[in-house]
Amino acid sequence: MTAFGKLIRTTAFRLTLVYLLLFALFAASLLAYFAWNTRRLITEQITTTVNAEIGEITGIYNRRGLSGLLFTMGNRALRPGANLYLVTAPNGQALAGNVGSLAPGVIGTEGWSETAYRRLDDQDNTDHRALVRVTQMANGFRLLVGRDLEERRRMFGIVAKAAQWSILVVVVLGIGGGIFVARRVLHRIDAMTGTTKRIMAGDLSGRLPVGRSGDELDRLAENLNAMLERIEALMMGLKEVSDNIAHDLKTPLTRLRNRAEEALARSGGEADYRAALERTIEESDGLIRTFNALLMIARAESGQARGNMDDFDAADVANGIHELYEPLAEDDDMTLRVKAAPAPIHGNRELISQAVANLVENAIKYGKPDAVQPLNAAAREILIEARREGNQVLLSVTDHGPGIPEGDRKHAVERFVRLEASRTLPGSGLGLSLASAVATLHGGELRFGDAHPGLVATLVLPVRVGGSDRLAAQTQDVPQKAA
């Protein structure tokens with residue numbers, strides 16, 4: 001396809017032609033309306049003038065008779081640029097005036113008519129057009145008074161020529177502007193197409209060019225670039241998850257296989273086989289929990305959980321998690337306390353409960369005071385708090401343990417990341433990843449702060465209660481372990 005053929009096939013060029021056609025039709029209609037009104041105005045002026053003259057001439061005839069009429073007609077006919085005058089006898093013979101010839105039947109028909117004529121003093125044999133009125137006077141005499149239509153013809157010709165040139169200019173400028181706009185748009189579309197081809201070839205770092213005009217193409221490019229950045233981040237996350245799964249699940253799977261192989265190799269009794277099977281089931285449960293956590297993170301990040309959102313009170317979630325985990329905290333010599341104020345929110349109750357549960361599990365697991373801190377009751381306290389601040393609902397869990405260094409907080413929400421160097425405590429490193437994914441699903445974020453000493457992990461969620469602040473029916477929060 002040639003460059004010109006490609007150009008005229010663009011949407012911008014076609015839209016320009018459509019707008020050009022509409023504008024040309026509008027301009028033609030406007031000029032036609034102007035020409036019609038100009039013609040009507042000139043005709044009205046002619047009829048007014050002719051009617052006035054007929055009234056004057058008829059009055060002269062009534063006062064002075066035929067001699068006065070003929071004298072008046074002779075004087076008026078000799079004036080420069082005079083109207084058309086003709087007086088005929090009852091037998092049709094011309095008595096006075098400046099009309100040399102008329103179309104047949106005009107003088108015999110009373111009223112208005114448009115006719116061809118020639119003046120007596122015309123040097124050429126060309127017919128002219130005039131608008132005339134024929135009136136019958138007393139004694140059978142007929143009076144014709146008219147006006148040449150050359151002025152109206154010239155005015156109409158001027159308007160017609162202006163219309164032709166205007167439409168020509170509109171067409172030329174429209175096509176030229178259409179080509180300019182189409183080339184400009186086509187250039188930008190070609191640049192976008194080139195970038196998309198590189199992206200389809202596997203280069204996810206490519207971005208669409210964004211101009212400085214801020215038009216719809218720039219806004220489209222910005223949105224597509226944001227989408228590409230999101231896709232690139234997801235692909236990198238998928239690669240990291242695949243690597244982490246291969247690395248972190250290899251050890252438990254290997255241990256599972258070795259225990260089964262050891263049980264088969266040993267010639268033990270039924271008790272030994274039962275113990276081996278119980279250890280195998282325990283390892284399998286841990287793997288299932290890990291995969292369930294990964295599936296829940298993927299569900300949250302993909303937005304599939306948006307269909308199960310409802311109105312509920314975040315304070316009920318905090319109280320439910322406190323009731324569920326208070327015995328576990330006491331077993332670890334920790335104190336779990338809750339401070340909740342009414343905080344209506346619209347979201348997925350199950351996922352938000354799971355996220356808060358993961359934060360509480362991490363606080364119980366890692367929030368014990370270190371050796372340098374005094375082992376008092378306040379140091380072993382974990383606080384679950386739910387409150388509303390402006391247009392946000394805050395669900396926070398505060399402990400008084402060693403906390404997370406500020407430089408490591410960005411990596412703490414990555415999958416399979418465990419900041420505990422020895423890894424002596426059970427866990428998969430997915431708890432904070434799930435909490436962060438749940439916050440992102442609801443348009444919020446997971447924030448970390450200092451409790452001096454300790455860590456404050458806060459789910460910051462926007463308030464989006466549908467209709468009113470009514471709360472959904474309470475359901476039991478039974479989160480799955482993921483941390």
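Predicted model: local features only at pLDDT ≥ 70, side-chain atom pairs only at ≥ 80, totals over all residues.
View 1. Glu385 belongs to strand β10, where it stands opposite Lys339.

View 2. The 5 strands follow the order β8-β10-β11-β13-β12, and their pairing is mixed. At the edges lie β8 (335-340) and β12 (445-450), each of which pairs on one side only. From one strand to the next, the twist averages 15 degrees. The pairing of β8 with strand β10 (residues 381-389) is in the parallel sense and extends over 6 bridges. Helix α8 (residues 349-366) packs on this sheet and touches β8, β10, β11 (392-398), β12 and β13 (455-462), its direction making about 25 degrees with that of β11. Helix α10 also packs on the sheet, where it touches β12 and β13, and its direction makes about 125 degrees with that of β12.

**View 3. Gln354 in helix α8 and its polar contact with Asn358.** Gln354 counts as buried because its relative accessibility is 2%, and the limit for a buried residue is under 20%. A polar contact of 2.8 Å connects the side chain of Gln354 with the side chain of Asn358. The helix that holds Gln354 is α8, which spans residues 349-366 and packs on the sheet.

**View 4. Helix α10, whose residues are mostly covered.** The buried positions are Gly431, Leu432, Ser433, Leu434, Ala435, Ala437, Val438, Ala439 and Leu441. Just after the helix comes Gly443, for which phi is positive at about 80 degrees.

**View 5. The salt bridge between Arg380 and Asp333, which joins two loops.** The closest nitrogen and oxygen atoms of Arg380 and Asp333 are 3.7 Å apart. Arg380 is part of the loop between α8 and β10, and Asp333 is part of the loop between α7 (314-331) and β8, so the pair ties together parts that are 47 residues apart in sequence. Asp333 has a further feature of its backbone, as its phi is positive, about 60 degrees, although the residue is not a glycine. Most residues other than glycine have a negative phi.

**View 6. The loop between β12 and β13, with His452 and Pro453.** His452 and Pro453 are joined by a cis peptide bond, with omega at about -5 degrees. Most peptide bonds are trans. His452 also has a positive phi, about 50 degrees, although it is not a glycine. With a relative accessible area of 68%, His452 is exposed, the limit for that class being over 50%. The loop in which both His452 and Pro453 are placed leads between β12 and β13, two strands that are touched by helix α10.

**View 7. The salt bridge between Arg447 and Glu445.** The closest nitrogen and oxygen atoms of this pair are 2.7 Å apart. Arg447 is partly exposed, with a relative accessible area of 38%, and Glu445 is likewise partly exposed, its relative accessible area being 38%. The edge strand β12 covers residues 445-450.

**View 8. The salt-bridge network of Glu53, Glu56 and Arg76, with values for the whole chain.** Glu53, Glu56 and Arg76 are linked to one another through a network of salt bridges, and a search of the whole structure finds 12 salt bridges. The protein chain contains 10 helices and 13 strands, and of its 483 residues 38% count as buried. Among the contacts with a separation of 6 or more, 63% are accounted for by residues 24 or more positions apart. The accessible surface of the protein chain comes to about 27900 Å², and 57% of that surface belongs to carbon and sulfur atoms.

Technical notes:
Residues numbered from 1 in each chain as written. Heavy atoms only, no water. Buried < 20%, exposed > 50% of the residue type's maximum accessible area, 1.4 Å probe, protein only. Helix = DSSP H or I, 4+ residues; strand = E, 2+ residues; numbered from the N terminus. Pairing = 2+ DSSP bridges. Axes fitted to C-alpha atoms, helices over the stretch in contact; angles between N-to-C directions. Contact = heavy atoms within 4.5 Å. Polar contact = N/O pair within 3.5 Å; in protein donor to acceptor, adjacent residues only side chain to side chain. Salt bridge = Lys/Arg side-chain N within 4 Å of Asp/Glu carboxyl O. Areas by Shrake-Rupley, 256 points an atom, 1.4 Å probe, with all protein chains shown as cover.
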